[in-house]
Amino acid sequence: MDSALSDPHNGSAEAGGAANGTARPPSTPEGIALAYGSLLLMALLPIFFGALRSVRCARGKNASDMPETITSRDAARFPIIASCTLLGLYLFFKIFSQEYINLLLSMYFFVLGILALSHTISPFMNKFFPANFPNRQYQLLFTQGSGENKEEIINYEFDAKDLVCLGLSSIVGVWYLLRKHWIANNLFGLAFSLNGVELLHLNNVSTGCILLGGLFIYDVFWVFGTNVMVTVAKSFEAPIKLVFPQDLLEKGLEADNFAMLGLGDIVIPGIFIALLLRFDISLKKNTHTYFYTSFAAYIFGLGLTIFIMHIFKHAQPALLYLVPACIGFPVLVALAKGEVTEMFSYESSAEILPHTPRLTHFPTVSGSPASLADSMQQKLAGPRRRRPQNPSAM
């Protein structure tokens, strides 16, 4: 959840000073502008496309399309859990060898990054496959127990197109694992951000306010109150942040003086903006007023973060500026339009498979839409036989 943007005059927030202990030369104004502009653009892309995909995700007909819904209780606990995790990582880096910890984390994010990137590019890649492509089906099944006590641990169906996407993503994964190149880092970071905005859904606006409010305090405390977050951000070699070199114009792709933005400052406001897009659609007015308002508010908040950081030459907690903007602007619009009641009474989760009981447990490894839909249908077969439903209601 780090939100530090590096000080362009003190070198990279990720790499610190030069290896020989001397200070880096100041970045040029053009390099700084390019770095900040690129970070802003990279932050907007997963929010915009993730919000659009979250609408299709909420309207999905299959069980595997169902997103993870964040309730008010989850939102209230999240800053506490995040604080414990952040402090734990800080202590780990202080006690144990940073090299071995980052090696373990690199392997973990290598696997997660490949899966996330494959899921991200799959809809785009499908357009490039020819109509006669031999799209064979495969299934990976792993069970525990036997007979009536048999329980599915993994039931994953995929096809040849999925394998192609997985292969392309694996190339990026190997590149990241071997070189830790900033472009590979950003590809994984963008994939994580887009998947987060798409698959993590707030159930209502009140929950969003609780989550953003709690993380507002969390971000301010850990950036301004201690050096914990900045230390972890510098030490943590994993694609949990977007980076862009301020010396790209001088050194090209081998540049190493980075500005950075934590993925939490993209995903957390992003899931709130995606909620407002679904609220816009629920109003059935063919306008996306609240979505565009919150999107503009995010641009304003992140731009203000960059400006303040540049003026004071210190890493800034981006949520300090993003949270008031992303909540305040849409609420003001709702007040002006007299739709405050509708906004806070909207329940996003009610639109997810409205005639089917919602899942309360999400499998660790999701299967294909067909396999999970069949599994859910079998679980619900008993109640449906006992309580026949009118076919027209389905």
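Select Phe133 first: in this predicted model its relative accessibility is 24%, so Phe133 counts as partly exposed. The cut-off between the two classes is 20% relative accessible area.

Now show both rings. A pair of aromatic rings is described by the distance of the centres and the angle of the planes. The search for such pairs gives a count of 15. For Phe129 and Phe133 the ring centres are 4.8 Å apart and the planes stand at 55°, so this pair is tilted.

Next, select Phe48, Phe49, Phe291, Tyr292 and Phe295. Ring pairs join these residues into a cluster. Then go to Tyr176 and Lys180. The charged end of Lys180 sits over the Tyr176 ring, 5.3 Å from the ring centre.

**Salt bridges**

Side chains of opposite charge can pair when their charged atoms come close. Over the whole structure, 6 salt bridges are found.

Select Glu198 and Arg53. Their side chains meet in a salt bridge, with an N to O distance of 3.2 Å. Glu198 belongs to helix 5 (residues 182–199) and Arg53 to helix 1 (residues 29–58), so the pair ties together parts that are 145 residues apart in sequence. Are these two residues buried or exposed? Both Glu198 and Arg53 are buried.

Move to Glu339 and Lys285. The closest N and O atoms of this salt bridge are 2.4 Å apart. Glu339 is in the loop between helix 11 (319–337) and helix 12 (340–345), while Lys285 is in the loop between helix 9 (264–283) and helix 10 (289–312), so this bridge ties together parts that are 54 residues apart in sequence. Colour the two by accessibility: Glu339 is buried, with a relative accessible area of 7%, whereas Lys285, at 43%, counts as partly exposed.

For a network of salt bridges, select Asp247, Lys251 and Asp256, which are linked in this way.

**Helix 2**

Select Asp74 and Arg77. They form a salt bridge whose closest N and O atoms are 3.2 Å apart. Both residues lie in helix 2, 3 residues apart, about one turn of the helix. Asp74 has 28% relative accessibility and counts as partly exposed; Arg77, at 40%, also counts as partly exposed.

Continue along helix 2 (residues 72–95) to Leu91. At 43% relative accessibility, Leu91 counts as partly exposed.

**Annotated segments**

Which residues does the unreviewed UniProt entry list as "transmembrane region"? The record gives 33–55, 75–93, 100–121, 199–224, 258–277, 289–312 and 318–336.

Select two of these segments in turn. Residues 75–93 are 100% helix and 0% strand, with the end C-alpha atoms 28 Å apart. Residues 289–312 are likewise 100% helix and 0% strand, and here the end C-alpha atoms are 34 Å apart. With this second segment still selected, bring back the ring cluster, whose members include Phe291, Tyr292 and Phe295.

Definitions and conventions. Residues numbered from 1 in each chain as written. Predicted model: local features only at pLDDT ≥ 70, side-chain atom pairs only at ≥ 80, totals over all residues. Heavy atoms only, no water. Helix = DSSP H or I, 4+ residues; strand = E, 2+ residues; numbered from the N terminus. Buried < 20%, exposed > 50% of the residue type's maximum accessible area, 1.4 Å probe, protein only. Phe/Tyr/Trp six-rings, centres within 6.5 Å; stacked < 30°, edge-to-face > 60°. Lys NZ or Arg CZ within 6 Å of the ring centre and 35° of its normal. UniProt positions renumbered as here; feature names shortened; annotations may be inferred. Salt bridge = Lys/Arg side-chain N within 4 Å of Asp/Glu carboxyl O.
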